[in-house]
Amino acid sequence: LPSAGAVTELVDHPGRGVQGVVEGVTVLLGNVALLQESGVNATGVAAEAERLAATGRSLVHVAHGGRLLGLVGITDALRPTAKEAIAELHQMGVRTMLLSGDLAATARRVAAEVGIDEVQAEVRPAQKAAEVRRVQQAGRFVAMVGDGINDAPALAQADIGIAIGAGTDVAIQAAQ
């Protein structure tokens, strides 16, 4: 960004990104939906976004003053014990599901890597809570693990909510 001033007027857009003001100019960091809602044209990076998404990257668009500056592709590092933990849950008869706000290709890559049974991607926070409720209404017990503000509603809805140590304060408070 052209300036390094403090961010003011920070607004979280759950499931879409964040917006703030830096030296009087609006800055956006988020998905393409956030940019579109804000009137920012992201077509210039559409092909690169598609390429990065196909490799399982999470995408963060960066805009400054209504103009797209760029695109960042992030790869989530999986904990070395994740695959083993999922295998142990399967041995106990537990069905696993990944509810993620990430793009479908990213969520599928993570699920395949660790052996998760079912994937639902591009899910907004309220949809996560609704999915937990749907599974509960089908007579199943739900333990939800989450790490951020986007998981807080689902953590609160679950029979057991588990906020991982790196989670935000909101997620930790919502978990039981």
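Hi everyone, let's begin with the sheet: five strands form an open sheet in the order S1-S2-S3-S4-S5, with antiparallel pairing. Its edge strands are S1 and strand S5, residues 67-74, and each of these pairs on one side only. From one strand to the next, the twist averages 15°. Please keep in mind that this is a predicted model.

If strand pairing is new to you, here is the general idea: strands of a sheet pair through backbone hydrogen bonds, either parallel or antiparallel.

Now, what packs on the sheet? That is helix H2, residues 46-54, which touches strand S4 (58-64) and S5. The direction of H2 makes about 15° with that of S5.

Let's move to the start of the chain. Strand S1 covers residues 7-13, strand S2 covers residues 17-22, and the two run antiparallel, joined by five bridges. You can follow the pairing residue by residue: Val7 has Val22 as its bridge partner in S2, and Thr8 has Val21. Between the strands of this hairpin there are three residues, and Gly15 takes a positive phi near 80°.

My last stop is the surface. Which residues make the nonpolar patch of about 380 Å²? They are Phe141, Val145, Ile160 and Ile162. Look for Phe141 in the loop between helix H5 (125-137) and strand S8 (143-146). Is Phe141 buried or exposed? It counts as exposed, because its relative accessibility is 59% and the cut-off for exposed is over 50%.

Definitions and conventions
Residues are numbered from 1 along each chain as its sequence is written. This is a predicted model: local features need pLDDT of at least 70, side-chain atom pairs count only at pLDDT 80 or more; totals for chains, interfaces and linings use all residues. Side-chain values use heavy atoms; hydrogens and water are left out. Patches are made of residues with over 30% relative accessible area and no salt bridge: like charges are joined within 9 Å, nonpolar side chains (Val, Leu, Ile, Met, Phe, Trp, Tyr) within 5 Å. Accessible areas come from the Shrake-Rupley method with a 1.4 Å probe; for residues, only the protein chains shown count as cover. A salt bridge is a side-chain nitrogen of Lys or Arg within 4 Å of a carboxyl oxygen of Asp or Glu. Helices (H or I, at least four residues) and strands (E, at least two) are DSSP runs, numbered from the N terminus. Buried means under 20% relative accessible area, exposed over 50%, partly exposed in between (1.4 Å probe, protein chains only). Two strands pair if DSSP finds at least two bridges between them. Axes are lines fitted to C-alpha atoms, for helices over the stretch in contact, and angles run from 0 to 180 degrees between N-to-C directions. Contact means heavy atoms within 4.5 Å.
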